[in-house]
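Below is a short briefing for a reader who has not seen this structure before.

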Amino acid sequence: MWKKPAPLPADLNSIKNQKTLRFAENTAALDKAPEYIFSQNNPAVKKLHYGRYGTVGANGCGSVVLYNALRALGKPVPYPEIIYEMELNHMLRFFGKLGTSPLRFSRFLREHGADCEPLYSYSELAKRIGEFKVVIMYMQYKKSLMRHYFLIIKKPDGSLATLNRGNPNGFGSIDLSKPFDGHMLTAYCLK
């Protein structure tokens, strides 16, 4: 069963209650999330807890793209609630120290009312990009073990903009007709 955030308990000794305490601390630390989080290193969010051992700035790219994707689809969820829900549903690798597991991404999106179609081919994505409002890219940098999530949004004029990909203060750009600067592992395409 998919778990939703619960109120802060009185007893904080259990692991679940420690997660709830981190949620309360993140909620208190983030007075108001920006409309879009352009980078996981945004000063407003980078020091928030991301699991037991991580921070958003170091390991929270998955939570940032989920927040931005739901916002772009008109289904906003408070940012600390997204992190908490991800933690409750075991989406964090090694308690947040190794980022976000892709195994439950599609389910998270479906649970929030988003129609998600995963694609595994960059050429297929380039052909079909016009069908989707939002695409969550999960990629691996060339010659590296490092993996990263970023977001592609279709703007009202039809152009593509990126979030959490190099431009910390605004939307970036991407041209899918050119070779990609990393290896695409999965594209979570949302209509």
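This is a predicted model: local features need pLDDT of at least 70, side-chain atom pairs count only at pLDDT 80 or more; totals for chains, interfaces and linings use all residues.

**Helix pair, cavity and backbone**

Residues are numbered from 1 along each chain as its sequence is written, and side-chain values use heavy atoms, without hydrogens and water.

**Helices H3 and H4**

- Helix H3 covers residues 61-72 and packs against H4 at an angle of about 125 degrees, with the axes 10 Å apart.
- Helices here are DSSP runs of H or I with at least four residues, and strands are runs of E with at least two, numbered from the N terminus.
- Axes are lines fitted to C-alpha atoms over the stretch in contact, and angles run from 0 to 180 degrees between N-to-C directions.
- From H3, Gly 62, Ser 63, Val 64, Leu 66, Tyr 67 and Leu 70 meet Tyr 79, Ile 82, Ile 83 and Met 86 of H4, where contact means heavy atoms within 4.5 Å.

**Cavity**

- The count is one cavity of 30 Å³ or more; a cavity is a set of points on a 1 Å grid over the protein atoms alone where a 1.4 Å probe fits but cannot get out, and lining residues have an atom within 4 Å of a point.
- The largest cavity has a volume of about 40 Å³, a volume being the space filled by probe spheres set on the points.
- Its lining includes Phe 23, His 49, Tyr 50 and Ile 83.

**Positive phi**

- His 90, in the loop between H4 and helix H5 (105-111), has a positive phi of about 60 degrees although it is not a glycine.
- Asn 164, also not a glycine, has a positive phi of about 65 degrees.

Note on methods. On a 1 Å grid over the protein atoms alone, a cavity is a set of points where a 1.4 Å probe fits but cannot get out, and a pocket is an open set with protein on both sides within 12 Å along at least five of seven lines; lining residues have an atom within 4 Å of a point.
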